[in-house]
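I opened this entry to keep track of what I looked up. My notes follow the order in which I went through the model.

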Amino acid sequence: MGPVPGCPGRAETRLLTRLLLPFVVGVLTASASPRATARDFVLNEVLPDPSGADDGREFVELLNPGPDPLALDGVRLEFANGADGPVWLVRWTAPDGLVVPAGGRFLLGDRPWAGSEPVDAEVDLGLQNGPDAVRLVRGDLTLDLLGYGPLDDPALFEGHPAGTGAGLALARRPDGRDTDDNAADLVLAVPTPGRPNFHPFTLTLTAAEHEPPVLARPGDVLRVAVRVVHGGTEMWPAGPCVLAWPEGRATAWWDGARPGDERQLAFVLRPRLRGALPLVLAVPAAGGDTVRVDVGTVQVGAAALRLNEVLPAPGAGQGEWVEVLWDGPDPLDLAGYVLADADGGRAELPPRPLAPGGLAVLAADSTGLRRWWRENAASGAAGCAAGAPAAVVVAVSGWPSLNNTPPAGRPYADRLLLCDPRGVVLDAVTWGGGGFPETETGRSLERTSPEPVNPGAEAWAPCTAAAGATPGCPNSGAAAGRPDAGGLAVEPPLLDRA
């Protein structure tokens, strides 16, 4: 199993969750106070150390975990600096008349609030990054106490103090959990002010791959493998799940999962639409809900920017190179596009404009390639007339070294991927074993057609030109070469007339 579909080195993790419905400062003396025994408000999520500046980003989320509405009358939020011990400073006192519904939240945001989520009250919170503590009190009754960081005084925490992490909130997992142990009840998590901390059913996509990486022609078989982790809080029931794309769907069996369990799923597809097709995994959860996860995008049929020729086994001094063809209606800049190979090598292309119908020769050694051209152009062995304009040569740094012999555990020597700036694989060519075209030193592999004519057929074959390659010239197989071999304005030219 490899990374999420896309260019190697661009592994993505995508998270999709099921959403659920729903200053005056005073000083109090330190003393032991009684604890709440009935279900009352809890500190459900606290962000004491936001990313960047703290002002306007700290928040405290209160939760009514009970089955009935609950009034905030008389509730105070208090803060204690761990360096001073249990000396509590009032940060906020609830006005009379505020009622929070059963399961509802009340969000206090630092003044002036800079977050995108609406808050129920702006407060001069002035929290610190730890070791410190906050608590909720009503009269002499402590409703909840949260200590974070390396605290020693048990008056500042319940059970054991919670941890700290820059940019991370202290969040109860699950929401409302209160066993009177801060370390057990709260975990460090991405802040979710005013929303559930952890959803009952959450899937994280940790890996996905499809074979082949690009479907050469519509109707061919595409095999997709997906690995996901259940990051929610409830047992996920077993049942069928679906991998869908715009024109169809494939099914697999979901074994069910406990929170934290990983599951692997396999699907067989036959997409018939050309173009970039998004794949979406849909897994039914409890209560009639369905969790959907974006699995990636697969290119079906020839893309407008595609590989046209590749030299993975160069002769002495020539260097590896790849020729790409732009078949779109408007000019294209190659900036941000990526070449990658099966071993994880990855090279981002530099800015370089391409006109419609234009070729670019991407070279590991542009000097060696020009020298090879001079040696072959005069005789016409390279496939172009000596005076004809030729393709742009682009020197690419961080070149992915291409194999010519299958390594252990792989049936082919190597696979070259062309990816767009989003990481979507636009085109691919595989060689050396496993029924794929073989390589020969000094002889390139050329695209023979934009798409194979027959199921299972290859669109690639060894070059038959006398020079062994045709960089910047029509392919010896002609059908997939540049439509017009001359008349392009290029800079710098591959053909060196000096």
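**Cysteines, the chain, one aspartate**

I started with C463, which counts as buried because its relative accessibility is 2%. I noted that the model is a predicted one.

Next I asked how many disulfides there are. The count comes to 0 disulfides. For C463 I looked up the nearest cysteine sulfur: that of C473 is 9.8 Å away, and C463 is in no disulfide. A pair of cysteine sulfur atoms has to lie within 2.5 Å to be counted. I also checked C241, which is buried because its relative accessibility is 0%.

I then turned to the protein chain as a whole. I found 2 helices and 33 strands in the protein chain. Of its 498 residues, 51% are buried. I noted an accessible surface of about 20,800 Å² for the protein chain, and carbon and sulfur atoms hold 53% of that surface.

Last I looked at D132, which lies in strand 11, residues 132-138.

I looked for backbone nitrogens by the side chain of D132 instead. The backbone nitrogen of G130 lies 2.7 Å from a polar atom of that side chain. For the backbone nitrogen of G82, the distance to a polar atom of the D132 side chain is 3.0 Å.

Methods
Residues numbered from 1 in each chain as written. Predicted model: local features only at pLDDT ≥ 70, side-chain atom pairs only at ≥ 80, totals over all residues. Heavy atoms only, no water. Buried < 20%, exposed > 50% of the residue type's maximum accessible area, 1.4 Å probe, protein only. Helix = DSSP H or I, 4+ residues; strand = E, 2+ residues; numbered from the N terminus. Areas by Shrake-Rupley, 256 points an atom, 1.4 Å probe, with all protein chains shown as cover. Polar contact = N/O pair within 3.5 Å; in protein donor to acceptor, adjacent residues only side chain to side chain.
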